[in-house]
Amino acid sequence: MFALLQAAGAADTAATPAADATVAAAAETTNAVVESVNAVAAAAAPAAPSAAEAAAAAAEAAKNAGQQNITLMDMIAASPLVSKIVLVILLLCAVYAIALMFEKIIVMRGNKKRTVDFIAAYKKAKTPEEAAQLLAKQPDGFAKKMFAAGYGELQKAKDAGLYNNRDARGDLLERIRAAMTAEQNKGIEELGSNMTFLASIGSNAPFIGLFGTVWGIMNSFIAIANTQTTSLAVVAPGIAEALFATAAGLVAAIPAVLIYNFSAKQTGTIGGYLEDFEADFISLVTRDMDKQG
């Protein structure tokens with residue numbers, strides 16, 4: 001029995017070094033595997049950039065962003081259909097207003113000069129007949145048409161034998177005044193042509209541009225919602241488009257307002273000259289009536 005126990009103890013003593021050797025070998029294997037995994041992960045992960053590399057990358061990005069210039073035509077071409085319609089309407093209004101500006105300047109100055117020259121020539125006459133002779137060669141104008149209408153009524157009264165009739169004098173002067181006033185109103189109406197359209201452009205063009213502004217800002221907010229960012233690169237095109245619509249509205253409205261004010265002032269001036277001429281002609285007729293009895 002004692003011999004068996006000694007044999008078992010010897011066997012246990014012999015097995016312990018073998019087990020320790022097995023555990024050591026397994027540990028070495030595990031360490032090797034871990035080191036291999038770490039090496040693979042290190043190779044796969046990108047190296048963290050240094051501060052110099054980060055600064056260089058930022059400078060390159062800024063350079064590339066500066067090279068992406070957006071021109072006015074690019075912005076208009078990329079704008080939505082509603083904005084393009086607004087810009088086309090404002091462009092047509094601006095072109096028409098500028099064309100009317102030059103047309104009104106030429107017409108107003110020409111009519112004013114003809115009226116002043118005609119009245120200056122008329123003041124040299126002492127009788128209606130002398131005035132008719134002096135003014136026959138004057139260029140056509142509103143004042144000449146007024147004189148022709150008044151002198152025509154005077155001639156009709158002479159042909160009817162009513163020129164020297166004191167009882168019919170008041171009616172004759174009223175007919176002369178009515179004929180001349182009718183021609184004056186025609187002239188003023190001709191001078192005031194397209195004034196209503198100019199007033200409409202001057203008052204409504206800014207609001208049309210404001211509509212384009214609202215539309216552009218609305219598109220900017222939509223872009224912010226879609227991209228989930230408030231970067232200027234996202235909202236800048238829409239804001240620029242909106243501001244351009246406002247500028248287009250002002251470009252259309254400012255010339256219209258300027259030429260409307262100019263035309264209104266010149267029309268009032270010429271109308272005043274014509275009213276004075278009518279009063280002078282009535283005075284000339286009454287003086288001639290008094291001389292003839």
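Let's start with Ala248, which sits in helix H9; helices here are DSSP runs of H or I with at least four residues, strands are runs of E with at least two, and both are numbered from the N terminus. Please keep in mind that this is a predicted model, where local features need pLDDT of at least 70, side-chain atom pairs count only at pLDDT 80 or more, and totals for chains, interfaces and linings use all residues. Residues are numbered from 1 along each chain as its sequence is written, and side-chain values use heavy atoms, with hydrogens and water left out.

So, is Ala248 buried or exposed? Ala248 is buried, because its relative accessible area is 16%, and the word buried means under 20%, with exposed over 50% and partly exposed in between, using a 1.4 Å probe and protein chains only.

Stepping back for a moment, the chain has 9 helices and 0 strands. Of its 293 residues, 28% count as buried.

Now to the empty spaces. Rolling a probe the size of a water molecule over the atoms shows where empty space is left. On a 1 Å grid over the protein atoms alone, a cavity is a set of points where a 1.4 Å probe fits but cannot get out, while a pocket is an open set with protein on both sides within 12 Å along at least five of seven lines; lining residues have an atom within 4 Å of a point. Grid points are joined across faces, edges and corners, and the volume is the space filled by probe spheres set on them.

The largest pocket has a volume of about 210 Å³. Helix H4 (81–122) and helix H9 (232–291) are the elements that give two or more residues to its lining. Which helix gives the most? That is H4, with 6 residues. Ala248 is part of this lining, along with others including Lys84, Leu87 and Phe244. By type, the lining has 10 nonpolar residues, no polar ones and 1 charged; Ala, Val, Leu, Ile, Met, Phe, Trp, Tyr, Cys and Pro count as nonpolar, Asp, Glu, Lys and Arg as charged, and the others, Gly among them, as polar.

There is also 1 cavity of 30 Å³ or more, and the largest cavity holds about 40 Å³ of space. H4 and helix H6 (142–159) each supply at least two of its lining residues. That lining is made up of 4 nonpolar, 3 polar and 2 charged residues.

On to the salt bridges, meaning a side-chain nitrogen of Lys or Arg within 4 Å of a carboxyl oxygen of Asp or Glu. How many are there? The count comes to 9. In one of them, Asp117 meets Lys113 at 3.0 Å, N to O. These two are about one helical turn apart, because 4 residues separate them in helix H4.

Another joins Lys123 to Asp280, with the closest N and O atoms 3.1 Å apart. Lys123 lies in the loop between H4 and helix H5 (128–135) and Asp280 in helix H9, so the pair ties together parts 157 residues apart in sequence.

Last stop: Glu153, Lys156 and Arg175 are linked in a network of salt bridges. Within it, Glu153 is buried at 18% relative accessible area, whereas Arg175 is partly exposed at 36%.
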